[in-house]
Amino acid sequence: MKRTNFVFTIISILLFVFVVVYFGISMFQSVQNPLRTVPAVTAQSQESFFAPGLIIREEVVSTPPYPVVASTVREGERVSVGMAYLVAYDSLQDLEQGARRSQLAQEITHLETRLAQGTGGQQEAEIRRQLRNLNYAARQGDFEQLDTKLIEIGTLLLAGDETELTHRLATAQTEYERLGSIASSVRPIAATQAGVFSARVDGYEHLGPSEFSWLDVAHLQEILDAQPQTAPAETPGKLVVGMTWYYAALVPTAEGQRLQAKLDGERTNRVSLNFSGVGTADIPMRVYSLGQPTDGYQVAVFAANTALVETLGLRRVEAMIIYDTFTGIRVPREALHRGEPNPETGHQPAYVFTLTVQMAERKFVEIVHAGADYYLVRPDNQRTSPEVSLREGNTIIVRAGELYDGRVIRR
């Protein structure tokens with residue numbers, strides 16, 4: 001009996017020592033190499049720099065020899081040769097009467113449409129929709145179609161009263177005919193060349209693509225530092241001829257070397273520009289020319305055939321010039337591991353470990369971009385099955401002591 005108790009005591013002591021040593025080692029490892037993880041999330045990184053510059057277009061300022069001139073087209077509307085895009089009046093009174101006659105023409109059209117549709121009561125749902133549209137346009141500062149919206153709402157309010165509609169139509173037609181007598185004093189002005197109309201004249205319209213031959217660092221810096229130009233007086237607007245526009249920027253010579261590689265065809269001649277004050281996405285442009293370095297800077301000219309209308313209101317502006325945009329899963333540098341290099345190619349496969357049900361799981365990846373303290377990667381589906389490859393939502397192990405595929409990790 002004593003012998004049995006002695007053996008049991010020895011076994012208990014050994015088990016106790018084993019448990020103490022096991023937990024002691026685990027605690028030591030957890031203190032020395034604590035488990036640290038991060039979630040796998042998709043991130044984006046850009047290689048870019050900022051540069052001040054000047055937008056240059058081929059522009060023709062409209063200067064008709066009449067005392068009062070107004071446009072008949074909207075900002076950014078394309079004008080064809082022979083199209084009447086301006087109208088001249090003998091006086092401001094004629095201009096006001098012409099505007100009123102145009103407003104009456106719209107009102108008559110809406111009233112005739114309501115009468116033709118019949119009187120079915122006020123269209124409350126449509127009225128609410130039009131009021132919401134009007135409120136949204138006002139908050140956005142869009143007053144281009146304000147008169148049209150107000151006329152449409154007014155005729156909707158009268159839609160249930162045929163007598164009132166008929167009376168309002170007769171009144172509008174009478175006033176329209178009375179104002180028709182000024183038609184002889186209205187002179188439509190046709191475009192002699194095609195282009196995009198803009199009422200924004202800022203005094204830089206004389207700068208065109210022909211100026212690139214002398215536009216060096218000193219001249220561009222002088223333009224950017226000077227007071228804004230004075231716009232010509234009494235001009236209704238201008239026509240931007242052609243769809244190609246340019247951005248002349250002051251760039252550091254270090255960036256100029258990279259741009260030169262694109263201009264020479266060593267790299268794809270494409271960059272993206274993001275302009276301050278433009279809500280559109282990055283605008284694709286190409287490197288058009290590069291000037292001689294002076295005092296650490298060069299004049300880089302970029303050209304584009306898109307987003308002309310969106311940039312009509314810009315002239316002297318800073319832009320972010322983007323070489324490349326990289327998208328991938330963000331991995332801390334410490335979490336990326338390298339395998340044995342291929343003896344033939346020298347390529348080292350890259351992989352990370354993820355924590356999957358308390359187990360380390362190795363997943364191979366391809367490096368998309370290397371940042372200062374991170375990598376952007378995508379799954380390497382040749383080395384890791386697509387079903388278990390790295391994806392957003394996985395838990396990436398950054399540090400956990402010795403790591404190997406299949407290791408059980410206790411938190």
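These legends accompany close-up views of a predicted model.

The model is predicted, so local features need pLDDT of at least 70 and side-chain atom pairs count only at pLDDT 80 or more, while totals for chains, interfaces and linings use all residues. Residues are numbered from 1 along each chain as its sequence is written, and side-chain values use heavy atoms, with hydrogens and water left out.

**View 1. The chain holds 7 helices and 19 strands.** Helices (H or I, at least four residues) and strands (E, at least two) are DSSP runs, numbered from the N terminus. Of the 411 residues, 36% are buried (under 20% relative accessible area, 1.4 Å probe, protein chains only).

**View 2. Trp-245 and Phe-275 form a tilted ring pair.** Rings of Phe, Tyr and Trp (its six-membered ring) pair if their centres lie within 6.5 Å; planes under 30 degrees apart count as stacked, over 60 as edge-to-face and the rest as tilted. Here the centres are 5.9 Å apart and the planes stand at 50 degrees, so the pair is tilted. Trp-245 belongs to strand β10 (residues 245-252) and Phe-275 to strand β11 (residues 271-275), 30 residues apart. Trp-245 is buried at 0% relative accessible area, and Phe-275 is buried at 2%.

**View 3. Phe-212, Tyr-246 and Tyr-288 make a cluster through ring pairs.** The whole structure has 9 aromatic pairs.

**View 4. Arg-258 places its charged end over the ring of Tyr-323.** The distance to the ring centre is 3.9 Å. A charge sits over a ring if NZ of Lys or CZ of Arg is within 6 Å of the ring centre and within 35 degrees of the ring normal.

**View 5. Arg-330 lies over the face of Tyr-374.** Arg-330 is 3.9 Å from that ring centre.

Notes. Buried means under 20% relative accessible area, exposed over 50%, partly exposed in between (1.4 Å probe, protein chains only).
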